[in-house]
Amino acid sequence: MGEGWGWGRRGEPDWPPRATCPAREPKTVLARPCAAAATALLTGSDPASSASACRSARLSVRYGRLPPRVFSAAEPETMAKPAQGAKYRGSIRDFPDFNPSQDAETLYNAMKGFGSDKEAILELITSRSNRQRQEICQNYKSLYGKDLIADLKYELTGKFERLIVGLMRPPAYADAKEIKDAISGIGTDEKCLIEILASRTNEQIHQLVAAYKDAYERDLEADITGDTSGHFRKMLVVLLQGTREEDDVVSEDLVQQDVQDLYEAGELKWGTDEAQFIYILGNRSKQHLRLVFDEYLKTTGKPIEASIRGELSGDFEKLMLAVVKCIRSTAEYFAERLFKAMKGLGTRDNTLIRIMVSRSELDMLDIREIFRTKYEKSLYSMIKNDTSGEYKKTLLKLCGGDDDAAGQFFPEAAQVAYQMWELSAVARVELKGTVRPAGDFNPDADAKALRKAMKGLGTDEDTIIDIIAHRSNAQRQQIRQTFKSHFGRDLMADLKSELSGDLARLILGLMMPPAHYDAKQLKKAMEGAGTDEKALIEILATRTNAEIQAINKAYKEDYHKSLEDALSSDTSGHFKRILISLATGNREEGGEDRERAREDAQVAAEILEIADTTSGDKSSLETRFMMILCTRSYPHLRRVFQEFIKMTNYDVEHTIKKEMSGDVRDVFVAIVQSVKNKPLFFADKLYKSMKGAGTDEKTLTRIMVSRSEIDLLNIRREFIEKYDKSLHQAIEGDTSGHFLKALLAICGGED
């Protein structure tokens, strides 16, 4: 099995709302008791207090994105003082057998004489909680009449000093120092202000304001008001009040009203009513806003983030997006901030230090789990590769451990992830393309315009792009027929002779019926020297039964050979078996079967767990594993993946990536990713086609053509969410000329 399957080795919120928000007797909506009870079972908390969080989770969890959307359900945002029975999610805990006098003496000795014992300092400070560090500071002053923080500043230097001193301050004072630094001197560190004020709870905001007053004898609101301006300043002031609603009751009527007010304040208004965005996002409870975001998507067809990007700008836009991200999941927000702090050349050390210090006793375990799931690497490993010396050692201690087994969930995270899928009626996201049938369609006029654009010297590419990119495929087929009836000419042949290069491939691809286009892409992937396995996998692993059957018919019609025969002669081994199985288009189309899902998950667990052993009926397991991934329905496979998590605390996708290799691994991963979130799968492919030096124009063209009428709008949304840039921007930055114009026309707009 090792050789045939390609197994690898195992290892590693003054601006009140408009009169459109009248007072009313609200219709209240509470969580279902079963959901609250289940969460209470997992967390040990009171079911009544868990109700609204669970309901919010059910409505906000997104398919195939575990665990980021899961953790928005029960975020440990105020876990400096965990509720009785709640799971502690920090990485730094109280040190057992704590002796503050002894610790003070150890630190004194480490700084006595010539030089300092930095290793002893970091080891002691990172193994004590912040509460214990404050006791050490008091004992240090009592014993030696000296200020411990002052001594640490004197003995240490650079980033290591900033990190250690940050750990020694009480959390509110650490935040106060960060904000003071952000608004002192020339210029303002707006990103620091955004990060702190968008992410802190009401209690943390009140403590911050008091600490700032105590430390600097100044009013924080006055200082921020004096250093910022416009709507950015207004929103910061609202957040500084620390008055976000915290009730567990959600009014369904008010949710609908807020959705309407936000829509009217942005999308339906010439200009933008920023005050409405400020009031709602700055004051409503998190549970309420999560429901608002869900309803906003259903009502407007776009996520709230897209409207914010389209309606707001500058630092105000960045602040509002940060607020939305923290409403959805504070831990995911910080995972993203940490990744960006270490991504690319150079490290944003101030950001890295601030987050590692401030979250170490709140939600570092959740941040680590989300980081690994989202970026496919552990936070520990990224810190290890991006920093050095005692600075690195201290950060790694705060991280609390290396999640070296890719895809493995913490036991608590795995169980919550599974339970939330059990409780959630997962929202079915409507798939939408960017190319729709043109209104007032006139094939006769289009045919004549295309003929004129190609007649005589030169070619009018702009007219060709404008017509073809703004008609549905069915309308293009009518244009082809009309063109032939009028002029006795083959439109495809004329286009081929007039256009060239990437533009020709794109326009001709749009003109072909989808099944024939896919058939041609498969043919190209198998002809000549070498095989384009990635193209074969992309098409066969993502098409529906109806699409696969249409491709088979088109392949036979166009190339007088069956697709199965072509695959048989061009591929081999288990990879061939998998592709042929997918090419039959016989995937089940029913719902899930829970009992069979458990059996299937067991097969997956066995095949992935015994990869390095020789016991068991491997041949039978291989066949069953292939059959499960290639023939089970998507709803059933989603259940299988959840059962797999429950059994193993592992994510099946990451496990396949780790335990397998080659084309077999790639095709199985493609199937799993497609089942989890097909638009995200294509967003990743598009990103990789334009990443780095050079562009993979073939992949870019193939996906833009094939998904333009199916789910390209969904792909756009996944693209900007994951890569923090729009697909439109990526295409603009990576292509040029008429090819660029045509791609942007198909893309359908800027997010």
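Is Cys137 buried or exposed, and what is its relative accessible area? I looked that up first: Cys137 is buried, with a relative accessible area of 17%. Buried here means under 20% relative accessible area, exposed over 50%, and partly exposed in between, using a 1.4 Å probe and protein chains only. Cys630 is buried too, at 3%. I then checked for disulfides (pairs of cysteine sulfur atoms within 2.5 Å) and found 0 in the structure.

**Ground rules.** This is a predicted model, so local features need pLDDT of at least 70 and side-chain atom pairs count only at pLDDT 80 or more, while totals for chains, interfaces and linings use all residues. Residues are numbered from 1 along each chain as its sequence is written, and side-chain values use heavy atoms, with hydrogens and water left out.

**Whole chain.** I get 43 helices and 2 strands; these are DSSP runs (H or I, at least four residues, for helices; E, at least two, for strands), numbered from the N terminus. Of the 751 residues, 55% count as buried. The chain exposes about 32,100 Å², with carbon and sulfur atoms supplying 48% of it; the area comes from the Shrake-Rupley method with a 1.4 Å probe.

**Cores.** I looked for nonpolar cores, meaning sets of buried Ala, Val, Leu, Ile, Met, Phe, Trp, Tyr and Cys residues joined through side-chain atoms within 4.5 Å. The largest has 103 residues, and Leu495, Ile656, Phe668 and Met704 touch the most other members. Helix α39 (residues 662-690) gives the largest share of this core, 13 residues. A second, separate core of 98 residues includes Phe98, Leu148, Val250 and Ala335. Back at Ile656, I listed contacts (heavy atoms within 4.5 Å): leaving out residues up to four places away in sequence, Ile656 touches Leu608, Phe625, Leu629, Arg665, Phe668, Val669 and Val672.

**Helix α33.** In α33 (residues 563-570), I find Leu563, Ala566 and Leu567 buried. Down the axis of α33, the buried residues fall within an arc of 95°, so they line one face of the helix; the arc is that of the directions from the helix axis to the C-beta atoms. Their cover includes α30 (514-526), α31 (533-540), α32 (545-559) and α34 (573-583).

**Asn130.** This residue lies in helix α6 (residues 130-144) and is buried at 10% relative accessible area. I checked its polar contacts (N or O pairs within 3.5 Å, one able to donate a hydrogen and the other to accept it within protein; residues adjacent in sequence count only if both atoms are side-chain atoms). The Asn130 side chain reaches the backbone oxygen of Arg169 at 2.9 Å, and one of its polar atoms lies 3.2 Å from the backbone oxygen of Leu167.
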